[in-house]
Amino acid sequence: MPRTSLGRSRLALGYVVLAIFVLATFGFSAWAGQDAEAAPPIGGPYVSAAASCFGGALALDQSGEFVDIDGEQGSTATLRFRDGRLTGDASCVDGSSGDADIEVSGSGENLRLVGVVAGQPFEAAPPSMEDQTEATGAGESRNAEDTIARLMLAIAIVILAARLLASGMAKLRQPRVMGEVLAGILLGPTLLGAVAPDLQAYLFPADIVPLVSAAASIGLVFYLFIVGMELDPAVLRQNAAQAALVSNASVALPMSLGLLAAVPLYPILAPDADYLPFALFMGVAMSITAFPVLARILIEHRMLKTPIGGLAMAGAAVDDVTAWGLVAIATALAGAAT
């Protein structure tokens with residue numbers, strides 16, 4: 001009886017310490033970021049009115065203060081958006097390059113970009129409704145048979161790459177699932193999209209990627225269902241209280257660090273959103289556990305039914321439930337702010 005009371009006292013003390021730590025970091029983050037401002041949104045399609053390095057249609061890809069410009073003929077620019085100006089380096093399709101200095105004025109449909117790019121005059125504005133309608137109607141269309149064929153091709157490439165890299169990881173005595181994750185990185189915009197964007201766009205067209213994602217979600221549902229059937233409830237009940245404390249601590253600590261990291265990152269990387277939802281998103285993003293990846297590793301090493309495996313799965317399950325609940329709160333706050 002005294003041992004049980006001592007155990008409960010330690011658990012209660014652990015939760016009190018976690019609560020104080022999280023509340024302190026949340027309060028400091030909210031206080032430090034209350035006057036911070038995010039970069040105004042200027043990303044989207046534009047049409048350049050001047051015959052310059054970026055003549056014709058172009059696209060602005062914005063991530064906070066960082067803006068990339070891609071012209072339809074291959075011109076590119078990497079810029080920083082500060083104090084109403086875009087500054088950085090530009091490369092023109094004719095091989096010339098130079099500095100860019102562009103003034104941003106107006107907002108919404110009245111946005112105007114005026115300045116100098118690589119020593120040439122530059123002027124751009126969002127396209128009119130007629131231009132957007134024509135651009136939308138000019139997209140690629142395919143029938144049902146072609147869509148299925150392209151989907152099967154994409155799935156075959158994903159499976160082949162995942163199997164090859166998983167086998168390579170196994171030979172290196174690493175979890176096979178890490179090879180499958182690496183395959184997604186290599187086939188995505190991180191590598192293939194950067195080295196061979198046309199090939200990446202052909203293998204994974206924009207209308208096929210959601211279908212591949214849906215197929216992956218269905219497979220993940222069945223996989224986690226099988227994992228749940230193989231779990232032994234008796235193993236989970238043995239250390240349920242300890243597992244809950246460990247899992248909550250593994251959420252609270254990285255979440256607090258994410259809240260603190262939001263203070264310097266908000267003016268640099270944040271979209272057009274209030275500070276509090278951004279800070280909560282940063283905290284939640286740092287604390288979510290890759291539950292399916294953990295399950296794959298435990299199954300591969302035949303540890304799922306062991307006490308340590310059951311404890312790890314229980315902790316990860318509590319992590320995910322807590323973190324996704326926090327995602328719902330952050331999403332609700334972001335929606336209320338808009």
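Reply: In this predicted model, the cover over the buried residues of helix H4 includes helix H3 (144–171), helix H5 (192–195), helix H6 (197–203) and helix H11. The buried residues of H4 are Val 177, Gly 179, Ala 183 and Leu 187. Viewed down the axis of H4, these buried residues lie within an arc of 155 degrees, so they line one face of the helix.

The length of H4 can be checked against its residue count. H4 has 12 residues, and at 1.5 Å a residue they should span 16 Å; the C-alpha atoms at its ends are 17 Å apart, which agrees.

One of the covering helices, H11, can be followed in more detail. Two packed helices are described by the angle between their axes and the distance between the axes. For H4 (residues 176–187) and H11 (residues 291–300), the axes come within 8 Å and cross at roughly 145 degrees. On the H4 side, the contact is made by Arg 176, Val 177 and Glu 180. On the H11 side, Val 293, Arg 296, Ile 297 and Glu 300 take part. Sorted by type, the residues of this contact are 3 nonpolar, no polar and 4 charged.

Technical notes: Residues are numbered from 1 along each chain as its sequence is written. This is a predicted model: local features need pLDDT of at least 70, side-chain atom pairs count only at pLDDT 80 or more; totals for chains, interfaces and linings use all residues. Side-chain values use heavy atoms; hydrogens and water are left out. Axes are lines fitted to C-alpha atoms, for helices over the stretch in contact, and angles run from 0 to 180 degrees between N-to-C directions. Helices (H or I, at least four residues) and strands (E, at least two) are DSSP runs, numbered from the N terminus. Contact means heavy atoms within 4.5 Å. Ala, Val, Leu, Ile, Met, Phe, Trp, Tyr, Cys and Pro count as nonpolar, Asp, Glu, Lys and Arg as charged, and the others, Gly among them, as polar. The expected span of a helix is 1.5 Å times one less than its number of residues. Buried means under 20% relative accessible area, exposed over 50%, partly exposed in between (1.4 Å probe, protein chains only). The arc is that of the directions from the helix axis to the C-beta atoms.
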